[in-house]
Amino acid sequence: MSIPLLAPSDRIGGTRRLYADRGGSRTQGDTAYLAYLVVLVLAMVVIPFLIGVARILARPEILPALQSPSSGQVVLAVSGVLLAAVTVVGMHRGPAHLPPVLVGTLAATDLPRSRTLLRPFATAATGLTVLFTVAGGVVATVLATEGTTDVMGALAFTGASACLGVIAAAAWLAGQRVGPRHGWLLTASVLAATVLTLWFPTLALITPWGWVAEVWPPTTMGEPWALLPLALVALVCIERVPRLLDRVRGPLLLRQSRQWEIVGIAAYTGDLSSALATFRSVPHLGRTWRAVPGVQAIVQYAVRDLVGAARTPVRAVSGLIFLTVGGFLSAVALAGTALPAWLLMSLAAVATFAALGTLTDGFRHAAETRSAPTLFGHTSGQLFVLHALLPTVLAVACALLGGVIAGLTGWPSAGLTGAGLLAALVVTVRAYDSTKGPLPLTLLTPAPSPVGDLSGLMVMVWQADALILAIALGVGLAYLVATAGLLLACGAAVVAVAVVILLTYGRLNNL
């Protein structure tokens with residue numbers, strides 16, 4: 001007597017119900033509470049944020065920039081960079097994401113992954129498409145409200161943004177399919193194609209980012225015909241999704257699922273450093289490279305740090321690129337633009353702080369030796385000084401390169417010195433961040449206030465204290481350069497470096 005086989009939909013549904021009955025998924029109460037939180041966040045955070053962005057874009061000094069002839073090139077570059085960015089995200093957390101249990105019970109069976117992974121992919125792809133659509137719609141609405149475009153032009157650009165969101169969802173899945181080992185080729189190809197399109201404008205007629213730029217600006221000057229190829233490419237991407245889902249590798253699915261489970265647990269307990277450490281690249285190159293030459297100690301440690309960074313080339317190159325971007329933004333901010341200087345300096349500080357994480361592993365090593373015997377012949381304080389040479393030199397050099405690029409693109413070069421100062425300041429902030437100990441338990445105790453419990457906010461501030469310090473130093477530097485001059489700003493930067501070093505020393509003694 002043969003046992004009847006269940007249909008794939010019944011098997012998938014039964015597995016999900018069993019997982020839900022065992023407490024592995026959200027209950028109806030959890031879903032209702034999540035819906036309440038979503039409505040609350042939309043009403044109190046998202047909508048006010050979008051209104052604030054619209055007001056900033058409508059300012060008299062910014063609105064002409066949106067209407068300038070060169071704004072189309074900016075739209076093209078941003079579209080291409082966004083597609084490249086989602087491929088990077090897909091290498092580490094793809095849209096086809098399931099809990100580890102469901103990966104083993106669904107994705108590791110004979111069922112096609114185009115069926116088992118379609119639901120999580122559709123949810124993630126819808127969210128990404130909505131994000132792109134809202135971003136494009138806000139800009140188009142601002143232009144329509146200010147009378148610089150008509151309703152049809154605004155709708156055309158919003159539709160182009162939605163199509164780009166669909167294409168980005170497919171690129172996100174493609175990054176997950178390729179994986180982190182060879183995914184950099186996909187990202188580099190998209191970035192190279194974007195750069196080529198900027199150099200040879202005729203290529204804009206055959207690329208998705210070029211079609212988005214053709215629709216911009218959303219006025220009679222735009223080219224609505226570009227919506228047709230964008231929509232066709234979006235439909236082709238949707239048609240190819242099942243094939244990509246079937247080709248997503250099981251070990252990669254399981255690794256991403258377990259990794260994000262660990263990240264969720266670490267983030268819930270307030271240990272963001274451990275959560276971020278799970279994404280650190282594992283070195284594969286340079287096992288036979290000589291990292292300890294027979295030279296002076298400070299040069300020896302610089303060479304060692306350089307070899308250590310070069311063993312993860314994609315991570316190192318990404319860090320250098322973001323350092324250059326930070327230098328570009330800070331130089332433009334100090335040279336004077338239509339955008340507020342504090343905003344550009346804040347973005348520059350964030351980019352520089354994030355990029356220096358790829359070059360300051362030596363600081364983390366020096367902090368870890370505080371409670372260990374002196375095995376390297378140097379104290380922890382001396383190790384900080386020895387490990388500071390490479391990140392300082394590279395950070396300042398890349399910042400100056402970004403300032404030079406800003407000068408070559410038409411901005412005055414008055415921000416070169418300020419860009420170098422910001423880079424040096426953020427290096428000391430990175431040293432300060434490396435001496436952070438475990439989360440104090442006192443921050444987890446309830447902190448009642450008229451607006452609710454502030455313990456969660458206190459934990460968030462403690463986690464991001466170094467980033468907040470970097471932003472504050474950047475904004476302060478921009479203010480001093482604009483009001484007191486460059487010379488006084490240099491003196492204040494020296495004082496700030498000394499203060500941060502003292503704070504770092506105090507933290508180091510408390511480890």
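**Ground rules.** I am working with a predicted model, where local features need pLDDT of at least 70, side-chain atom pairs count only at pLDDT 80 or more, and totals for chains, interfaces and linings use all residues. Residues are numbered from 1 along each chain as its sequence is written, and side-chain values use heavy atoms, with hydrogens and water left out.

**Overall.** I looked up the secondary structure and found 23 helices and zero strands (DSSP runs numbered from the N terminus: H or I of at least four residues for helices, E of at least two for strands). Of the 511 residues, 40% count as buried (under 20% relative accessible area, 1.4 Å probe, protein chains only).

**H16 and H20.** Next I checked helix H16 (residues 341–356) against helix H20 (residues 416–434): they pack at about 55 degrees, with axes 9 Å apart (axes are lines fitted to C-alpha atoms over the stretch in contact, and angles run from 0 to 180 degrees between N-to-C directions). That angle makes H16 oblique to H20 (oblique is what remains after under 35 degrees as roughly parallel, over 145 as roughly antiparallel and 65 to 115 as roughly perpendicular). In H16, I see Met 345 and Phe 353 among the residues meeting H20, whose side includes Val 427 and Arg 430 (contact is heavy atoms within 4.5 Å).

**H20 and H22.** Then I followed H20 to helix H22 (residues 465–483), where the axes come within 10 Å and cross at roughly 160 degrees. That makes H20 roughly antiparallel to H22. Gly 418 and Tyr 432 are among the H20 residues here, and H22 brings residues including Leu 469 and Gly 474.

Notes: Buried means under 20% relative accessible area, exposed over 50%, partly exposed in between (1.4 Å probe, protein chains only).
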